[in-house]
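Open your viewer, switch to cartoon view, and follow along one selection at a time.

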Amino acid sequence: MTAMPRLLFVDDEPRILEGIENALFDHPEWDATFVTSGDAALTVLRGAPAFDVLITDMRMPGMDGLDLLHHVLHGYPHMMRVVLSGDAEMQRAMQALSIAHQYLAKPCDEEALVKTIQRALRIRTVVSDDQLRRRLGMISETPHDRQWLRHVRELAVDPEASISEVARAVAADVGLATKIVQAASSVIFGGAKVTTVAAAVQRIGLDGVCALALAMELYSRLPISNAFLEDRERCMQIAGIAAAICTAPEVGEQAYLCALLHDLGTLTLRSQLPERFDRCTALRAETGQSLVDIEHAEFGIDHAVLAAEILELFQMTEVANVVRYHHRPSASARTGRVDALAALHIAEAVYDESIGLAPDLDADFLDALGPLAEMTLFRARRLARS
């Protein structure tokens, strides 16, 4: 029998907690606990059984929400972390978002709160591997290059730097790009979704970029390996090809972002469970078997689905829908045109082909694309060779 999910709400205002308790009345499937301070939260957390989700205010006397988030990140890495706050200060919001999975603003309506909790719990249900489940809370800390974060911060405060220059710099780091788009799509900036890095940078502004890059630089604990740098370079190469084979500029921009983030699941597995992931890549090299199949056997989930679930958790649904099916686009609704999904699928296959790997092309999807398939493959192969 599956244990009932446990939620921990922290707010120094009892009336806020009472309102939340009332809002959850129709959800008896959740075991909710309510405390009025960060210290009380840590006391509760030290008990048993474990909690699954933390939902905390930011401004509280004594231990504030940001300190509590840090304690939970380091001491209870399996937990999902959600901020529910009326704190509008940019720097604090960016600090919180750098280590939180979601950010909600007060007042928060019941539907938004429930959907956020459901989203935070969903990823736990799709991951069957115990070791990976225990580290799910770490996925808010997307892998990134600290040295590059410093470069982006310096660029963001340069009075001669343009938004487009900063956007290009942001797009050169997968972890930073993920967090920038997440921030731009959050309620901090109105909640409207964005599907390009440039639009995200435009929305949050250079001050916001600088604040988020600084927070990620300060709080990062993930080591940067040569393999990580190779993964990042691979994503950028595929993103360039994917954008270039789209005829409409707006589709190309979306394809670039999707391609940039499509291996977020790979980066996560490599950073969280490096030895097991290395076994998977070694087995692929030895056997030629599909990495997706090998990952399913090892983790019960592949990197594409894991990446999509992470992006869903970050409220980046449009990108998640592309990333989820990028290995088998025929499993999604086919459009018969070179959209972001088609561009990513073809770009990745052609890039792999250019470095000596067997291209993993979906024949059914290419058949549905018709004459466009050969034309697009030709263009992509020419770009991959250049």
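Two strands pair if DSSP finds at least two bridges between them; helices (H or I, at least four residues) and strands (E, at least two) are DSSP runs, numbered from the N terminus. You are looking at a predicted model, in which local features need pLDDT of at least 70, side-chain atom pairs count only at pLDDT 80 or more, and totals for chains, interfaces and linings use all residues. Residues are numbered from 1 along each chain as its sequence is written, and side-chain values use heavy atoms, leaving out hydrogens and water.

**Stop one: the sheet.** Select the five strands that make up an open, parallel sheet, ordered β2-β1-β3-β4-β5. At its edges, β2 (31–35) and β5 (102–105) each pair on one side only.

Now pick β1 (residues 6–10) and β3 (residues 53–56): these strands run parallel and are joined by four bridges. Click Leu7 and you will find its bridge partner in β3, Val53.

**Stop three: a helix pair.** Select α5 (residues 110–126) and α16 (residues 303–313), whose axes are 9 Å apart at an angle of about 165 degrees. Axes are lines fitted to C-alpha atoms, for helices over the stretch in contact, and angles run from 0 to 180 degrees between N-to-C directions. The two helices are therefore roughly antiparallel (an angle over 145 degrees). Show side chains: Arg119, Ala120, Arg122, Ile123 and Val126 of α5 meet Glu309, Ile310, Glu312 and Leu313 of α16.

Key: Angles under 35 degrees count as roughly parallel, over 145 as roughly antiparallel, 65 to 115 as roughly perpendicular and the rest as oblique. Contact means heavy atoms within 4.5 Å.
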